[in-house]
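Reader: I would like to see how the terms in a structural description follow from their cut-offs. Please take me through an example.

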Amino acid sequence: MDVKIESMIFGWDERIPEVLVKFINSVTLTKDEQELRELVKVFARSEEFNRFFAFGYGSSHLWLKQRMASDPGKCMENRLLIVEF
C-alpha cells in the first residue's frame, strides 16, 4: 500500500496522533485492497476513530479526512491522507 499524507494533522485532541499512527501502521501491513477494506471495517467500529476521522473509497484508493473540532459532523476541506492500492 502506498500511503501519502496530503495535509496538516490538527492535534486538537491528545489522542489523535495515537489513533492516526495506529491506523497508518496497520494500513502499511496490508497486502491488497481486500485486506485494506477488512482493516478499515475494524477501525470503523471504533467510536474514537470515527470521532476524529472520516473515510471513503475511490476506484483505486482510500481517503481519510480529519473531522472538525468545532463540528464533528463536518470534515476539514482537504484530505489528510490517501492510500493507493
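**Terms and their cut-offs**

Author: Ile-82 counts as buried, because its relative accessibility is 6%. The model is predicted, so to speak of local features pLDDT must be at least 70, and side-chain atom pairs count only at pLDDT 80 or more, while totals for chains, interfaces and linings use all residues. Residues are numbered from 1 along each chain as its sequence is written, and side-chain values use heavy atoms, with hydrogens and water left out.

Reader: Why is Ile-82 called buried?

Author: Buried means under 20% relative accessible area, exposed over 50%, and partly exposed in between, with a 1.4 Å probe and protein chains only. Ile-82 has 6%, so the word buried applies. Of the 85 residues of the protein, 31% count as buried.

Reader: Which residues does Ile-82 touch, not counting those up to four places away in sequence?

Author: A contact means heavy atoms within 4.5 Å. By that test Ile-82 touches Asp-2, Val-3, Lys-4, Glu-6, His-61, Leu-62 and Trp-63. Asp-32 is 50 residues from Ile-82 along the chain, and their C-alpha atoms are separated by 15 Å.

Reader: In which strand does Ile-82 lie?

Author: Ile-82 lies in strand 4, residues 81-84. Strands are DSSP runs of E with at least two residues, helices are runs of H or I with at least four, and both are numbered from the N terminus. The protein has three helices and four strands. Their order from the N terminus is β-α-α-α-β-β-β.

Reader: What makes strand 1 and strand 4 a pair?

Author: Two strands pair if DSSP finds at least two bridges between them. Strand 1 (residues 2-5) and strand 4 have four bridges and pair in the antiparallel sense. One of the bridge partners is Ile-82, which faces Lys-4. Strand 3 (residues 61-66) is also joined to strand 4 by four bridges, and the two run antiparallel. There, Leu-64 stands opposite Leu-81.
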